[in-house]
Amino acid sequence: MNGEVIMLCSGKGGTGKSTVSVLLGAGLAARGKKVLLVELDSGLRSVDIIAGVYGRTVYDIEDVLTGRCEGDKAVVESPLYRGLHVISAPYEGGRVEPAPLAALCTVMRPCFDFVLLDTAAGMGAPFTAAAACAQKALLVLTPDPVALRDGRIVADRLIENGKVQGALRLVLNRVTRQSFGRGSAVYDLDECIDTVGIQLLAVIPESPALQQAAAAGAAVPATDPAAGAAAAMTARLLGERVPLTVPR
Ligand SMILES: Nc1ncnc2c1ncn2[C@@H]1O[C@H](COP(=O)(O)OP(=O)(O)OP(=O)(O)O)[C@@H](O)[C@H]1O
Ligand SMILES: [Mg+2]
């Protein structure tokens with residue numbers, strides 16, 4: 001095994017990076033892959049709840065990056081999605097430095113098929129550190145002009161810093177029927193793709209059931225349209241030629 005390191009980023013906050021990280025991690029785990037999801041958003045942790053590991057963590061990523069414990073001590077398997085392993089962010093403080101994160105990825109890659117790095121909003125320390133170790137980046141954006149414009153800035157920054165365009169993929173999240181059309185701020189999917197300038201990987205619909213499940217630390221119902229879209233995202237990431245939605 002020599003796991004692929006994939007970062008999830010956005011620019012604008014609250015676009016669904018953490019939610020999509022868990023959906024993707026769960027999807028890959030359901031396909032038999034061993035996945036490590038590392039949340040790098042110090043002080044604003046949420047992956048622990050979404051993945052159902054809240055209250056089960058003893059050590060967090062700050063403990064690992066500052067050398068207080070070995071990486072494997074902080075890894076907790078999700079009880080909701082078997083095969084998905086999580087290192088949580090600390091409740092407060094802690095700066096993510098590139099060198100210790102790179103060292104963690106080097107130690108973890110032989111043990112996992114995928115290492116997902118859920119970054120914080122903006123292009124601060126977690127973004128920079130993750131970009132230095134990730135082979136691919138997923139830009140998780142909502143279909144609104146501000147998120148898309150910020151996404152373009154993030155994509156440009158990643159390319160300036162050496163990523164090839166083909167290593168970047170767009171995940172549009174929280175899409176509804178009202179997202180597009182003449183009366184909407186964004187006309188269609190093509191406008192999203194053109195604005196950000198990278199290929200589309202997935203379209204995840206707005207889903208009250210997903211939001212409720214994430215808040216409650218419960219599994220997303222398999223019949224939910226967001227679960228179908230997440231399965232398609234997973235298959236497409238694995239290189240399969242499938243449409244954006246898989247009927248459930
Ligand atoms: N497809 C979706 N349908 C409905 N709600 C969603 C969807 N995706 C995310 N959400 C909700 O949007 C909110 C923000 O999601 P999340 O925490 O994953 O965003 P984030 O990009 O990680 O935020 P931050 O920038 O603060 O790290 C949460 O309440 C989450 O449940
Ligand atoms: Mg987050």
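Author: Strands β1 and β5 run parallel and are joined by five bridges. Strands here are DSSP runs of E with at least two residues, helices are runs of H or I with at least four, and both are numbered from the N terminus. Two strands count as paired if DSSP finds at least two bridges between them. This is a predicted model, where local features need pLDDT of at least 70 and side-chain atom pairs count only at pLDDT 80 or more, while totals for chains, interfaces and linings use all residues. Residues are numbered from 1 along each chain as its sequence is written, chains are lettered from A and ligands numbered from 1 in the order written, and side-chain values use heavy atoms, with hydrogens and water left out.

Back to β5. Leu-8 has Asp-118 of β5 as its bridge partner. Strand β2 (residues 35-39) also runs parallel to β5, again over five bridges. There, Glu-39 stands opposite Asp-118.

What about burial? Five of the five residues of β5 are buried, so the strand is largely enclosed by the rest of the structure. Buried means under 20% relative accessible area, exposed means over 50%, and partly exposed is in between, using a 1.4 Å probe and protein chains only. In a regular strand the side chains alternate between the two faces of the sheet. In β5, Phe-114, Leu-116 and Asp-118 point one way. Val-115 and Leu-117 point the other way.

Eight strands form an open, mixed sheet in the order β3-β4-β2-β5-β1-β6-β7-β8. Its edge strands, β3 (76-77) and β8 (199-205), each pair on one side only. Further along, β6 (residues 136-141) and β7 (residues 168-175) pair in the parallel sense over five bridges. Val-140 stands opposite Val-171 in β7.

Helix α5 (residues 125-133) lies across β1 (4-9) and β5 (114-118), at about 150 degrees to β1. Axes are lines fitted to C-alpha atoms, for helices over the stretch in contact, and angles between N-to-C directions run from 0 to 180 degrees. Helix α7 (residues 189-196) lies across β6, β7 and β8, at about 140 degrees to β7.

Ala-29 is buried, with a relative accessible area of 10%. Not counting residues up to four places away in sequence, Ala-29 touches Val-35, Arg-82, Gly-83 and Leu-84. Contact means heavy atoms within 4.5 Å.

Last, the ligand. Ligand 1 is surrounded by 17 residues, the closest being Lys-17, Ser-18, Thr-19, Arg-174 and Ser-207. A residue is near a molecule or strand if one of its heavy atoms lies within 4 Å of it. A polar side-chain atom of Lys-17 lies 2.7 Å from a ligand 1 oxygen. An N or O atom in the side chain of Arg-174 is 2.9 Å from an oxygen of ligand 1. Taken alone, ligand 1 exposes 630 Å², and the protein buries 82% of that. These areas come from the Shrake-Rupley method with a 1.4 Å probe; for residues, only the protein chains shown count as cover. A polar contact is a pair of N or O atoms within 3.5 Å; within protein, one must be able to donate a hydrogen and the other to accept it, and residues adjacent in sequence count only if both atoms are side-chain atoms.
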